[in-house]
Amino acid sequence: MSTRNRVGGIVYAASLVLSLLLGLVALPASLLPLKPFWPALVVVYWALEAPEKMSIGRAFVLGLAGDLLTGSLLGEQALRLAIVAFIVLRLRARMRFFPMLQQCLAIFALLVNDRVVMLMIRAFSGGGMAEWQYWIAPAVGTLAWPWLFLALDVARQRGARAREA
């Protein structure tokens, strides 16, 4: 394996693992609605910037890992992440060149769509209706997006510079 692939793979794998670990962070019940869906944000980043690394299948596998780690309904996060990856890969040519504000609005729409899908899955599995706090997480994820995008971009570019050296 070349140094170039190894460094790029480390940044990619570390971001996926970190997103799953951030999903496991225990928060008090009052702050739980503020917790964004970190794996979705990471899937969006990699689907935009390196679609060869983030396919619908890889997003599905990441979601299965998230389901196993969190103990949620098996396949719930997998389906949600596959849908997010599909939408981003489909609209990648446009979204990639959006200014950051417009990209944040697109991320907000993706995260709200994810919440709707999650609500449908839970309704089909016998869950109840969500309270109004349920809809706060997409806004928090939208606010986190520019910072996450910049952090992953810097890590990816440093990896690229290290590969060239």
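Visitor: Why is Y12 called buried?
Guide: This is a predicted model, and in it Y12 has a relative accessible area of 12%. Buried means under 20%, so Y12 is buried.

Visitor: What makes R158 count as exposed?
Guide: The relative accessible area of R158 is 56%, and because the term exposed is kept for values over 50%, R158 is exposed. R158 has its place in helix α6, which covers residues 137-164.

Visitor: How many aromatic pairs does the structure hold, and why is the pair of Y12 and W46 called edge-to-face?
Guide: The structure holds five aromatic pairs. In the pair of Y12 and W46 the centres are 5.3 Å apart and the planes stand at 80 degrees; rings pair if their centres lie within 6.5 Å, and planes over 60 degrees apart count as edge-to-face, so both parts of the description apply to Y12 and W46.

Visitor: What does the pair of Y12 and W46 tie together?
Guide: Y12 belongs to helix α1 (residues 3-24) and W46 to helix α2 (residues 38-49), so the pair ties together parts that are 34 residues apart in sequence. W46, at 1% relative accessibility, counts as buried.

Visitor: Why is the pair of Y45 and F149 edge-to-face?
Guide: The ring centres of Y45 and F149 lie 5.5 Å apart with the planes at 70 degrees, so this pair is edge-to-face, given that the angle required is over 60 degrees. Because Y45 lies in helix α2 and F149 in helix α6, the pair ties together parts that are 104 residues apart in sequence. Y45 has 0% relative accessibility and counts as buried, and F149 is buried with 11%.

Visitor: Which residues do ring pairs link into a cluster?
Guide: Ring pairs link Y12, Y45, W46, W145 and F149 into a cluster.

Notes:
Residues are numbered from 1 along each chain as its sequence is written. This is a predicted model: local features need pLDDT of at least 70, side-chain atom pairs count only at pLDDT 80 or more; totals for chains, interfaces and linings use all residues. Side-chain values use heavy atoms; hydrogens and water are left out. Helices (H or I, at least four residues) and strands (E, at least two) are DSSP runs, numbered from the N terminus. Buried means under 20% relative accessible area, exposed over 50%, partly exposed in between (1.4 Å probe, protein chains only). Rings of Phe, Tyr and Trp (its six-membered ring) pair if their centres lie within 6.5 Å; planes under 30 degrees apart count as stacked, over 60 as edge-to-face and the rest as tilted.
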